[in-house]
Amino acid sequence: MSTTSKRGDTYYLYKRTSRRTPGKKFPQPVDTYIGIITPEGVIKSGKKKVSLGGIEVKEYGFSRAVWELCPRGWKEPLGDDWEDVLSILVQKWSAETYLAKERELKTEQDYHYQFPAQAASLSRRI
C-alpha cells in the first residue's frame, strides 16, 4: 500500500507496511520514503538513510577559530589561566563547543577576572 503527504506545494510518496512490536496489541505502521510526486511521475530517492542513534554533535569551527586566533597580547596578562578563561568565554558564546569534551571546564567563580571585560578585550583584538 502507498501513502502520500503534502508539505508546501510538494507531494511525497511512501510505502506503508506494518511491523509487530512486542508489548503492542496491534501491528505498528512503518512508512518507507520512496520519492517526490511530480506531474512527470515519481522522482525516486537515491539517498540511503543512516541511523543517528548514539551520535553526539558538538560545535567545532567557531570554537577552534577563536582558540587559534586568540592573540598573544590577550593571553600574556592572564598567565597560566588564559586557557581556562578562554574556555569559559567560548562556552558562553557557544554552549555546544567541543571544548567541553576535551577539557574540564571551570566556572567564572573559580577566578577573579571580570569576564565581560575579558570578552570585550578579546573580541576587539581578534
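**Strands, helix packing and salt bridges in a predicted model**

Glu-96 is partly exposed, with a relative accessible area of 44%; by the convention used here, buried means under 20% relative accessible area, exposed over 50%, and partly exposed in between (1.4 Å probe, protein chains only). The structure is a predicted model, in which local features need pLDDT of at least 70 and side-chain atom pairs count only at pLDDT 80 or more, whereas totals for chains, interfaces and linings use all residues. Residues are numbered from 1 along each chain as its sequence is written, and side-chain values use heavy atoms, with hydrogens and water left out.

Glu-96 is placed in the loop between H3 and H4; helices (H or I, at least four residues) and strands (E, at least two) are DSSP runs, numbered from the N terminus. When residues up to four places away in sequence are not counted, Glu-96 touches Val-57, Lys-58 and Glu-59, contact being defined as heavy atoms within 4.5 Å. The C-alpha atom of Glu-96 is separated by 9.4 Å from that of Ser-63, and the two residues are 33 residues apart along the chain.

Ser-63 belongs to helix H1 (residues 61-69), where Ser-63, Val-66 and Trp-67 are buried. Viewed down the axis of H1, the buried residues fall within an arc of 100°, so they line one face of the helix; the arc is that of the directions from the helix axis to the C-beta atoms. Glu-68 and Leu-69 are exposed on the other side of H1. The cover over the buried residues of H1 includes helix H3 (82-93), helix H4 (99-102) and helix H5 (115-125).

Helix H5 also holds Gln-118. This residue counts as buried, at 18% relative accessibility. Leaving aside residues up to four places away in sequence, Gln-118 touches Trp-74, Leu-78, Leu-89 and Tyr-113.

The strands were examined next. Strand E2 (residues 10-19) pairs with E3 in the antiparallel sense over 9 bridges, and E3 itself spans residues 28-38. Pairing requires that DSSP finds at least two bridges between two strands. On the other hand, E3 and strand E4 (residues 41-44) pair over 4 bridges, again in the antiparallel sense, and form a hairpin with 2 residues between them. Ile-36 in E3 stands opposite Tyr-12, and the bridge partner of Ile-36 in E4 is Ile-43. For Gly-35, the bridge partner in E4 is Lys-44. In a regular strand the side chains alternate between the two faces of the sheet.

Ile-37 lies in strand E3 and, at 31% relative accessibility, counts as partly exposed. Together with Tyr-11 and Val-42, Ile-37 forms a nonpolar patch on the surface, with about 230 Å² of accessible area in total. Patches are made of residues with over 30% relative accessible area and no salt bridge, like charges being joined within 9 Å and nonpolar side chains (Val, Leu, Ile, Met, Phe, Trp, Tyr) within 5 Å. Accessible areas come from the Shrake-Rupley method with a 1.4 Å probe, and for residues only the protein chains shown count as cover.

Side chains of opposite charge can pair when their charged atoms come close. A search of the whole structure finds 9 salt bridges, each being a side-chain nitrogen of Lys or Arg within 4 Å of a carboxyl oxygen of Asp or Glu. One of them joins the side chains of Arg-16 and Asp-31 (2.7 Å, N to O). This pair links distant parts of the chain, with Arg-16 in strand E2 and Asp-31 in strand E3, 15 residues apart. Arg-16 is partly exposed, with a relative accessible area of 33%, and Asp-31 counts as partly exposed at 38% relative accessibility.

A salt bridge is also formed by Asp-84 and Lys-106, the closest N and O atoms being 3.6 Å apart. Asp-84 lies in helix H3 and Lys-106 in the loop between H4 and H5, so the pair ties together parts that are 22 residues apart in sequence. Asp-84 is buried, with a relative accessible area of 14%, whereas Lys-106, at 37% relative accessibility, counts as partly exposed.

Lys-58 forms a salt bridge with Glu-56, and the closest N and O atoms are 3.6 Å apart. Lys-58 is partly exposed, with a relative accessible area of 29%. Glu-56 and Lys-58 are linked with Glu-96 and Lys-101 in a network of salt bridges.
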